[in-house]
Amino acid sequence: MVNKIIDKKGNGFEWLDITAPSDEEFAEIAKKYKLHPVLVNDCLQPDHLPKFERLENYSFIIFRIYTNNDLLEADSVQELTSKIAIFYSEDFILTIHRKKQTLFDEIIESVGKQKSIDSYEVLNLLIGACLNTYEQPLQKLSKSVNYYEEIVFLRPKKVPLLKALYYLKRKIDLLKQMLILSYEIIDNIDSKDQGNVNTRDTRDRYVKLNNMFASVSENIHQLLNIYFSASSQRTNETMRILTIFSVFFMPLTFIVGIYGMNFDFMPELKWKLGYPGVMLLMGLVTVLIYIWFKRKKWL
């Protein structure tokens with residue numbers, strides 16, 4: 001479906017928003033605007049990563065926006081992001097995507113309020129709107145990191161915790177990677193030749209998002225390291241307690257083993273005080289081990 005948002009007659013350029021175009025529509029548009037076949041092929045790849053390419057008559061941009069997928073196990077490029085392809089020149093803007101994007105509504109409303117606007121300003125608004133889609137997931141991921149941090153430090157550990165941390169790490173790393181790959185787009189939008197106050201604002205938003213995602217990514221990695229360290233510490237503590245118990249019972253087992261041997265000629269077997277004597281010896285050994293552990297500060 002082709003929707004003409006801005007007409008060339010009154011503005012000097014036209015903006016066509018193209019949603020899920022058929023092969024015939026796409027071929028006709030590519031022929032009319034002389035789009036390069038390689039770039040047209042890039043538009044058709046649903047998992048294409050962000051890119052910027054400048055040709056002689058126009059520029060080509062692929063930007064990936066967040067899709068509001070709240071599933072725990074959503075961690076791939078196609079599950080978490082959606083692709084928007086943009087062909088830009090002074091005479092036209094083509095935005096191509098598979099699903100209707102509500103983020104364009106605010107841009108259309110903003111463009112309608114301005115008496116005069118050029119294609120470069122509209123392009124900057126588009127890139128800014130695409131960046132804004134990362135604001136909400138950043139807040140959610142930050143809250144999730146804080147939640148799991150509380151669980152790791154303060155609450156009893158649960159089996160699903162590690163799985164949730166894994167998928168949270170995957171989401172953060174993937175969205176961070178999408179922003180990193182989008183740097184060339186922002187850098188070309190806010191270039192020395194064409195940059196202005198609005199494009200610098202877009203760059204500032206990009207830098208802010210990039211830094212915050214980097215911070216959240218570092219926090220989740222540290223949290224995972226702390227989780228594994230805490231798990232290892234709990235295991236070591238359990239082994240320490242079991243070792244202490246084994247040390248206490250080892251000499252007692254040795255004594256019982258000696259007196260459990262079935263020989264006819266053992267001098268201690270006929271002693272009247274043999275049993276209480278052995279019990280006293282076992283108690284004395286236990287006390288001596290306890291005193292030794294205390295002096296070594298192992299208890």
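A residue counts as buried under 20% relative accessible area, as exposed over 50%, and as partly exposed in between. Tyr 147, at 39% relative accessibility, is therefore partly exposed. The model is a predicted one. The chain contains 11 helices and six strands.

**Overall form**

- The radius of gyration of the chain is 35 Å, whereas a compact globule of 299 residues would have a value near 19 Å.
- The C-alpha trace spans about 120 × 40 × 30 Å along its principal axes.
- Of the 299 residues in the chain, 40% are buried.
- Among contacts with a separation of 6 or more, 64% are made by residues 24 or more positions apart.

**Surface and charge**

- The chain has an accessible surface of about 18400 Å², and carbon and sulfur atoms contribute 57% of this area.
- There are 38 positive and 36 negative side chains in the chain.
- The centres of these two charged sets are 11 Å apart.

**Aromatic pairs**

- Nine aromatic pairs are present in the structure.
- Tyr 147 and Tyr 148 form an edge-to-face pair, because their ring planes stand at 70 degrees, with the ring centres 5.1 Å apart.
- The two partners fall into separate accessibility classes: Tyr 147 is partly exposed at 39% relative accessibility, while Tyr 148 is buried at 15%.
- A cluster connected by ring pairs comprises Tyr 33, Tyr 58, Phe 60, Phe 87 and Phe 92.

**Helix 6: Leu 126 and Tyr 120**

- Helix 6 covers residues 119–132 and includes Leu 126; Tyr 120 lies in helix 6 as well.
- Leu 126 has 0% relative accessibility and so counts as buried.
- Setting aside residues up to four places away in sequence, Leu 126 touches Trp 15, Ile 86, Ile 93, Thr 95, Phe 104 and Ile 107.
- Leu 126 and Lys 163 are 37 residues apart along the chain, and their C-alpha atoms are separated by 36 Å.
- Tyr 120 is buried, with 8% relative accessibility.
- With residues up to four places away in sequence again left out, Tyr 120 touches Tyr 88, Asn 188, Ile 189, Asp 190, Ser 191, Gln 194 and Thr 199.
- A distance of 37 Å separates the C-alpha atoms of Tyr 120 and Asn 219, which are 99 residues apart along the chain.

**Helix 8: Lys 171**

- Lys 171 belongs to helix 8, which covers residues 160–181.
- The relative accessible area of Lys 171 is 10%, so this lysine counts as buried.
- Beyond residues up to four places away in sequence, Lys 171 touches Asn 69, Asp 70, Leu 71, Leu 72, Ala 74, Leu 80 and Leu 141.

**The loop that holds Gly 195**

- Gly 195 is located in the loop between helix 9 (183–189) and helix 10 (197–259).
- Gly 195 is partly exposed, with a relative accessible area of 26%.
- Apart from its neighbours within four places in sequence, Gly 195 contacts Ile 189, Asp 190 and Arg 200.
- Ile 189 and Asp 190 are also among the residues that Tyr 120 touches.
- The C-alpha atoms of Gly 195 and Asn 124 are 9.9 Å apart, although 71 residues separate the two along the chain.

**Positive phi angles**

- Most residues other than glycine have a negative phi.
- Ala 20, which is not a glycine, has a positive phi near 40 degrees.
- Ala 20 sits in the loop between strand 2 (14–19) and helix 2 (23–32), and its relative accessible area of 45% makes it partly exposed.
- Lys 34, also not a glycine, has a positive phi of about 55 degrees.
- Lys 34 lies in the loop between helix 2 and helix 3 (37–44), and at 71% relative accessibility Lys 34 counts as exposed.

How values were computed
Residues are numbered from 1 along each chain as its sequence is written. This is a predicted model: local features need pLDDT of at least 70, side-chain atom pairs count only at pLDDT 80 or more; totals for chains, interfaces and linings use all residues. Side-chain values use heavy atoms; hydrogens and water are left out. Helices (H or I, at least four residues) and strands (E, at least two) are DSSP runs, numbered from the N terminus. The radius of gyration is taken over C-alpha atoms; the globule rule is 2.2 Å times the number of residues to the power 0.38. Buried means under 20% relative accessible area, exposed over 50%, partly exposed in between (1.4 Å probe, protein chains only). Contact means heavy atoms within 4.5 Å. Accessible areas come from the Shrake-Rupley method with a 1.4 Å probe; for residues, only the protein chains shown count as cover. Lys and Arg count as positive and Asp and Glu as negative; His and the chain ends are not counted. The place of a charge is taken as NZ of Lys, CZ of Arg, CG of Asp or CD of Glu. Rings of Phe, Tyr and Trp (its six-membered ring) pair if their centres lie within 6.5 Å; planes under 30 degrees apart count as stacked, over 60 as edge-to-face and the rest as tilted.
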